[in-house]
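Hi everyone, thanks for coming. Let me put the structure up, and then I'll walk you through a few parts of it.

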Amino acid sequence: MRRFGLIGYPLSHSFSRKYFKEKFKRENISDASYQLFPIQSLVEFPNVIHQMPELLGLNVTIPYKIDIIPFLDEVDITAKEAGAVNTIKVIKLREADPISTDEWSEQSLNLDHVKLIGYNTDVYGFEITLKPLLQPIHTKALILGTGGASKAVEYVFKKLGINYLLVSRNPEGPNEVGYNELNETAIRQFPLIVNTTPLGMFPDTDQFPLIPYEFITENNFLYDLIYNPEETIFLKKGREKGAITQNGLSMLKLQAEKAWEIWNS
């Protein structure tokens, strides 16, 4: 049995296991399984690798898309330039020695029986779903959030020549602004707005990024990387103002298929 899975914490919001379970059934793939690994710290990551000798690939979600990189042997060029990884290919070099769950510590992270290669398939999924909806006016964007998910969005915007500002609760760099700095001018000058934060994600569906929605118009395009629920409050507020809206479900499916391609290449 070939095994694949998802690491992150928490994972109650994730559709990945359901997606791959349905894919395996639909395509008559009987020798593969996909499971969730809700690890509270990356210290637990080596346990996942050692205790699953059939493991051939992993997806990575919040909050580990950046912090997982030091654990990897290689990072492909797109993931390296983006600065985040959401897919790992596991190549077996030798059989792992049996290891108990109590043997690992922060000082014991030896994974010499495998080679771990990192990729970013979020870039592919985001670009493919974004481009058909772009209009000539969408040349400037606001990226809400500065975590691992925002890295794929930044990479695609640079590739497409879309100027952007990062919006953060604690702005630090010259290209970052605070939520309290957003006003009518910002919403109109940066009509493309992408939410990369977990605000509004199941089960906390009553939350949403604090931007001035009263200034949203039909010229705006609101894209939410969240796919559970299908329509977040962020998107609902945009739709009610006539804006183009897009959730992250199509992006999820595309990045998952690209990950499957990588794992089986």
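In which sense do strand 10 and strand 11 pair, and over how many bridges? Strand 10, residues 192–195, and strand 11 run parallel, with 4 bridges between them. Strands here are DSSP E runs of at least two residues, helices are H or I runs of at least four, both numbered from the N terminus, and two strands pair if DSSP finds at least two bridges between them.

A quick word on the model: it is predicted, local features need pLDDT of at least 70, side-chain atom pairs count only at pLDDT 80 or more, and totals for chains, interfaces and linings use all residues. Residues are numbered from 1 along each chain as its sequence is written, and side-chain values use heavy atoms, leaving out hydrogens and water.

Back to strand 11. L192 has F221 as its bridge partner there. On the other pairing, strand 11 and strand 12, residues 244–246, are also parallel, over 3 bridges, and L222 is partnered by T245.

Now the side chains. F221 and Y223 point one way from strand 11, L222 and D224 point the other way, and all are buried, meaning under 20% relative accessible area with a 1.4 Å probe, protein chains only.

D224 is the one I'd like you to look at. Leaving aside residues up to four places away in sequence, D224 touches several residues, including N195, T232 and N247, where contact means heavy atoms within 4.5 Å.

Last stop, helix 4, residues 122–130. Here 7 of the 9 residues are buried, so helix 4 is largely enclosed by the rest of the structure. Among them are D122, F126 and E127. The buried residues of helix 4 pack against strand 10 and strand 11, where we began, and also against helix 3, helix 5 and helix 8.

Definitions and conventions:
Buried < 20%, exposed > 50% of the residue type's maximum accessible area, 1.4 Å probe, protein only.
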